[in-house]
Amino acid sequence: MLRIRSRCRIIISTSRSSFQTSTNKFSTHFERKLEGKVAVITGAASGIGKETAAKFIKHGAKVIVADIQRQLGQETASELGENATFVPCDVTNESHLSEVVDFAVSKHGQLDIMYNNAGVACRTPLSIVDTDLAQFDRVMAINVRGVMAGIKHAARVMIPRGSGCILCTGSVTGVMGGLAQPTYSTTKSCVIGIVRSVTGELCKHGIRINCISPFAVPTAFSLDEMKEYFPGVEPQDLAKMIYNASELKGAYCEPTDVANAALFLASADAKFISGQNLVVDGGFTSFKSLNFSHLVQ
């Protein structure tokens, strides 16, 4: 009590200029976690990819917005500002991914982060009996082969530098069965497997690789598909359906949650994390309740 009273007297008697000097000790500096880094993000024209691009740029990175949607990609890059550049990219075409990586190196002199985020929903029947294998091949070409090609060409330029970070978008549907059609679940299981399969080799070169598996997010990606399964239901009601599936009371998975996970894994905060699948699902895949009634009849 004596110490508190003494300190109060000092503050009261201190001049205005001294008080201002003292308060300046409290820093308002915003830590930019990716200062000077160069990132390529596939599927960055919208949704999670766009949100992540904005987050990376806010933290000091220069971002190549790689997407098959030309007009939307150009609009996104323009919206994100001078540190964003759009490059058209179809991930089913390996040469496109090679060119995007080479563009990043030629424009900025390096590639520090490769985020293989591009993917498609399946819009296929829910039963394995009704699976269209031609459609299966098409989705695999985008969701799996496209990721493999992205890792390949990122590693090609990162290995000589002895550093880099590669991220891939998985899904809770690749962690737990029964959450999506077999086709989509299979592709996301493959993404998680690819990350683990190449971790050992990349670690030898100082390159980290990790996967992010989010819960369902009510973006155009998921809502457009849900419209086909629930015709006539308004988009806001479809979004509520997704939100209501959350197990974490009072919280829902949003694009910014996935972007924050990507920022963490791409930054020095995660310098010793590699080969992992960061599940952003509010605990959804961690448990299953038996839902026994507390009343015994």
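A: Thr52 has a relative accessible area of 0%, and since buried means under 20%, Thr52 is buried. The model is a predicted one, and the values below are computed from it. Thr52 sits in helix H3. Leaving aside residues up to four places away in sequence, Thr52 touches Ile41, Tyr115, Ala259 and Ala262.

Some figures for the whole protein give this residue a setting. The protein has 297 residues, and 42% of them are buried. Its secondary structure comes to 10 helices and 7 strands. When contacts between residues at least 6 apart in sequence are taken, 70% of them join residues at least 24 apart. The accessible surface of the protein is about 16400 Å², and carbon and sulfur atoms account for 56% of that surface.

Asn116 is another residue of the interior. Asn116 belongs to strand S4, which covers residues 113-116. Its relative accessibility is 3%, so Asn116 counts as buried. With residues up to four places away in sequence not counted, Asn116 touches Thr42, Gly146, Val147, Gly150, Ile151, Ile166, Leu167, Cys168 and Thr169.

A search of the whole structure finds 1 cavity of 30 Å³ or more. The largest cavity holds about 40 Å³ of space. Its lining consists of Thr42, Val91, Leu97, Asn116, Ala118, Ile142, Gly146 and Val147. Thr42, Gly146 and Val147 are also among the residues that Asn116 touches. Helix H6, residues 133-161, gives the most to this lining, with 3 residues. By class, the lining of the cavity has 5 nonpolar and 3 polar residues, and no charged ones.

The largest pocket has about 1400 Å³ of space. It is lined by 49 residues, and those closest to its centre are Ala121, Tyr184, Phe221, Ser222 and Glu225. Helix H3 (47-58), strand S2 (62-67), H7, H8 and helix H9 (235-244) each give two or more residues to the lining. H3 is the helix in which Thr52 lies. The largest share of the lining, 7 residues, comes from H8. Sorted by class, the lining has 28 nonpolar, 15 polar and 6 charged residues.

Two of the residues closest to the pocket centre, Tyr184 and Phe221, lead on to the aromatic rings. A pair of aromatic rings is described by the distance of the centres and the angle of the planes. Over the whole structure, the search finds 3 aromatic pairs. In one of them, the ring centres of Tyr184 and Phe221 are 6.3 Å apart and the planes stand at 50 degrees, so the pair is tilted. Tyr184 is in helix H7 (residues 182-203) and Phe221 in helix H8 (residues 220-229), so this pair ties together parts that are 37 residues apart in sequence. The two partners fall into separate accessibility classes: Tyr184, at 11% relative accessibility, counts as buried, whereas Phe221, at 36%, counts as partly exposed.

Another of the pairs is formed by Phe215 and Phe284. Their ring centres are 4.9 Å apart and the planes stand at 55 degrees, so this pair is tilted as well. Phe215 lies in the loop between strand S6 (207-214) and H8, while Phe284 lies in the segment after strand S7 (277-280), so the pair ties together parts that are 69 residues apart in sequence. Phe215 is buried, with a relative accessible area of 11%. Phe284, at 16% relative accessibility, counts as buried too.

Not counting residues up to four places away in sequence, Met241 touches Met226 and Phe230. Pro218 is 23 residues away from Met241 along the chain, and the C-alpha atoms of these two are separated by 9.2 Å.

Tyr184 and Phe221 are among the residues closest to the centre of the largest pocket, and their rings form a tilted pair.

Technical notes:
Residues numbered from 1 in each chain as written. Predicted model: local features only at pLDDT ≥ 70, side-chain atom pairs only at ≥ 80, totals over all residues. Heavy atoms only, no water. Phe/Tyr/Trp six-rings, centres within 6.5 Å; stacked < 30°, edge-to-face > 60°. Helix = DSSP H or I, 4+ residues; strand = E, 2+ residues; numbered from the N terminus. Buried < 20%, exposed > 50% of the residue type's maximum accessible area, 1.4 Å probe, protein only. Contact = heavy atoms within 4.5 Å. Areas by Shrake-Rupley, 256 points an atom, 1.4 Å probe, with all protein chains shown as cover. 1 Å grid on protein atoms, 1.4 Å probe; cavity = no way out; pocket = protein on both sides within 12 Å on 5 of 7 lines; lining within 4 Å. Points joined across faces, edges and corners; volume = space filled by probe spheres on them. Nonpolar A, V, L, I, M, F, W, Y, C, P; charged D, E, K, R; others polar.
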